Amino acid sequence: MAIRKSYEEINAKIRAGQAVVVTAEEIIPMVAEQGAEKVAQTVDVVTTATFGPMCSSGVFLNFGHSDPPIRMKKVWLNGVSAYAGLAAVDAYLGATEEAEDREPGQTYGGAHVIQELLEGRSVHLEAVGSGTDCYPLREWESDITLAEINEAILFNPRNAYQNYAAAVNSSAETLYTYMGVLLPNLANVTYSTSGALSPLLNDPEYRTIGLGTRIFLGGAVGYVAGHGTQHNSARERLPNGVPLGGAATLSVTGNLKEMSPDYIQAAVYEKYGVSLFVGIGVPMPVLDADMVRCLAVSDADIYTGLVDYGVPRRARPVLAKVSYAELKSGQINLNGRRIPTAPLSSMRKARQIAARLGEWVRSGQFLLQEPAERLPLGKSLTSLNVKEGC
Amino acid sequence: MRCRFTIKFPPESSKIPLTYHLIKDYDFMVNILRATISGEQEGRLLMEVEAEPDKLEQGLAFLKSHNVTIIPLNQQITVEQDRCIHCGACTAVCLSGALSLDRDNWQLVFDSEKCVMCGLCVPACPLRLIRAEFK
């Protein structure tokens with residue numbers, strides 16, 4: 001009889017310390033050898049993970065009140081502006097915001113402030129207000145640490161892209177992009193997902209992921225807050241359900257105070273700007289054999305478009321369709337020409353996260369949470385266009 | 001024996017055909033990967049050489065006798081490995097293959113003997129962990 005498991009049954013096994021947990025890489029040969037039905041009986045949870053640069057990240061901060069109190073209108077942390085158009089001492093520090101007073105070559109941004117806070121270092125806070133009857137102070141300056149402030153809530157509007165285009169450059173100039181340094185005349189290819197280990201590629205139609213899913217976020221327990229911005233689940237898909245390029249995205253949140261600098265890392269992309277590496281792990285419940293078939297997806301089953309960044313337009317040409325087996329091999333073949341490839345997201349770190357999350361589940365500490373609302377299917381993107389008469 | 005190093009020579013030695021002597025007198029197979037001579041006639045030459053071990057020793061002694069400094073490549077380029085997150089961004093620009101990812105454990109591997117000191121990896125590292133100085 002076909003096996004079916006509920007979240008409750010899986011969580012009962014986790015609580016009893018009896019859950020069988022493997023990673024999304026480890027399950028591939030198991031399914032090839034034993035078949036999906038057998039694996040659905042023996043395995044309870046599969047861990048997926050990614051550790052890549054995710055620009056759409058940031059942190060909500062509440063500093064606590066000064067005496068006399070100030071209603072902060074503008075806020076800077078180590079010279080990096082944070083958005084303070086919220087209540088008196090709330091602000092949102094975006095990862096990509098850059099300090100303006102740095103020397104060339106010393107790029108420093110919100111991601112670096114987040115990292116320094118995580119490392120327990122002091123960060124210099126400056127704020128100005130206009131002075132009101134209830135908040136009379138107009139200026140504030142002091143050093144803060146993560147431990148001293150009320151809240152630091154990581155809230156990333158778009159992380160963990162379900163697939164992403166591989167990048168190449170057909171132009172005659174070197175391009176410095178968020179996809180790394182792209183050498184001229186198609187001399188290299190970069191890509192940025194963990195392929196068969198990547199969370200959303202293992203649950204391509206979002207049976208188990210959505211608002212409320214409990215995840216590993218930056219070394220702490222976090223949650224999926226819903227679909228992320230630019231969620232494009234209507235993207236063309238392969239017969240196995242895997243989209244052929246950037247599709248679903250996750251909005252995620254968690255307590256920065258509980259996170260670790262091992263899984264959150266500031267980054268600078270030359271002549272592009274600042275970004276933040278975010279470590280995300282998503283546990284997948286093995287509900288049935290269909291779920292196992294999705295989790296058994298391998299790099300050879302996942303394809304993405306090879307996009308030419310040499311064309312500076314919204315719709316850049318797609319030169320070919322390539323599999324992650326090819327991309328991860330170190331070179332691809334484009335019209336008979338071998339082009340070296342390089343990842344931008346760390347497979348090594350992703351594997352560490354998948355293993356760590358597995359330990360959490362096995363230890364009985366980390367229960368699976370069924371989402372209150374699954375990620376939407378069939379959602380497509382709109383674009384900014386010039387309107388007539390404006 | 002094959003090795004890579006930079007030789008740094010003072011202005012007074014820039015008039016001597018050092019490479020010629022290495023080839024003719026010490027049987028060096030020389031491949032010059034990079035060369036600069038400054039306005040003050042101070043020169044730097046990154047070379048890969050192949051020679052018999054004893055000849056190699058003699059050739060290097062000849063260079064030193066002309067006040068030439070020999071700098072091994074691993075002193076000119078350093079990767080702060082303990083902070084590396086093994087993302088692989090540096091390997092995208094390293095066409096010499098000195099920086100590569102081990103495809104089994106996805107760890108960054110740096111083989112300084114393959115490096116040509118092009119310096120492209122320095123800005124490519126998103127953590128700024130690579131220092132290169134053609135010195």
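Which residue ranges does the domain assignment of chain B give for domain 1 and domain 2? Domain 1 covers 2–74 and domain 2 covers 77–132; such bounds come from an automatic or database domain assignment.

Before selecting anything, some conventions. Residues are numbered from 1 along each chain as its sequence is written, and chains are lettered from A and ligands numbered from 1 in the order in which they are written. The model is predicted: local features need pLDDT of at least 70, side-chain atom pairs count only at pLDDT 80 or more, and totals for chains, interfaces and linings use all residues.

**Stop 1: chain B as a whole**

Select chain B. Its C-alpha trace spans about 45 × 35 × 20 Å along the principal axes. The chain has 3 helices and 8 strands, where helices (H or I, at least four residues) and strands (E, at least two) are DSSP runs numbered from the N terminus. From the N terminus on, the order of elements is β-α-β-β-α-β-β-β-β-α-β. Of the 135 residues in chain B, 32% are buried. A residue is buried if 20 or more other C-beta atoms lie within 10 Å of its own, exposed if 12 or fewer, and partly exposed in between, with C-beta atoms placed from the backbone.

Colour the two domains of chain B separately. Their centres, taken over C-alpha atoms, are separated by 26 Å. In domain 1 of chain B, 6 residues are in contact with 6 residues of domain 2; contact requires C-beta atoms, placed from the backbone, within 7 Å. The domain 1 side that touches domain 2 has 3 nonpolar, 1 polar and 2 charged residues. Ala, Val, Leu, Ile, Met, Phe, Trp, Tyr, Cys and Pro count as nonpolar, Asp, Glu, Lys and Arg as charged, and the others, Gly among them, as polar.

**Stop 2: B:Q75**

Select B:Q75, in the loop between β4 (69–72) and β5 (77–79) of chain B. Is B:Q75 buried or exposed? B:Q75 counts as exposed because it has 12 C-beta neighbours inside 10 Å.

**Stop 3: a sheet in chain B**

Next, show the open sheet of 4 strands in the order β2-β3-β1-β4 of chain B, with antiparallel pairing. Two strands pair if DSSP finds at least two bridges between them. At the edges stand β2 (29–37) and β4 of chain B; each has a single partner strand, so one side of each lacks a neighbour in the sheet. On average, neighbouring strands here are turned by 25° against each other, direction ignored. Such angles use lines fitted to C-alpha atoms, for helices over the stretch in contact, and run from 0 to 180 degrees between N-to-C directions.

Zoom in on β1 (residues 2–9) and β3 (residues 43–50) of chain B, which pair in the antiparallel sense over 8 bridges. B:I7 stands opposite B:L45 in β3(B).

**Stop 4: where the chains meet**

Show both chains. Here 21 residues of chain A are in contact with 18 residues of chain B. On the chain A side, β12 (180–182), β18 (264–269), β23 (337–343) and α7 (347–362) each supply at least two residues. Which of the elements gives the most to this side? That is β18(A), with 4 residues. By class, the chain A side has 11 nonpolar, 7 polar and 3 charged residues.

**Stop 5: a sheet and a helix in chain A**

Move to the open sheet of 4 strands in chain A, ordered β5-β4-β7-β8 and antiparallel in pairing. Its edge strands are β5 (80–82) and β8 (139–144) of chain A, each with a single partner strand, so one side of each is left without a neighbour in the sheet. Strands β4 (residues 74–77) and β7 (residues 123–128) of chain A pair over 4 bridges. A:W76 has A:E126 in β7(A) as its bridge partner.

Now select helix α4 (residues 110–118) of chain A. It lies across β4, β5 and β7 of chain A and runs at about 125° to β7(A). In α4(A), 7 of 9 residues are buried, among them A:A111, A:I114 and A:L118. Just after α4(A), A:G120 takes a positive phi of about 85°.

**Stop 6: the core**

Finish with the largest nonpolar core, which has 146 residues. A nonpolar core is a set of buried Ala, Val, Leu, Ile, Met, Phe, Trp, Tyr and Cys residues joined through C-beta atoms within 7 Å. Strand β19 (residues 273–285) of chain A supplies the largest share, 7 residues. The residues with the most contacts inside the core include A:I114 and A:L276. Leaving aside neighbours within four places in sequence, A:L276 is in contact with residues including A:A111, A:I114, A:I264 and A:A266.

Note on methods: Two residues are in contact if their C-beta atoms, placed from the backbone, lie within 7 Å.
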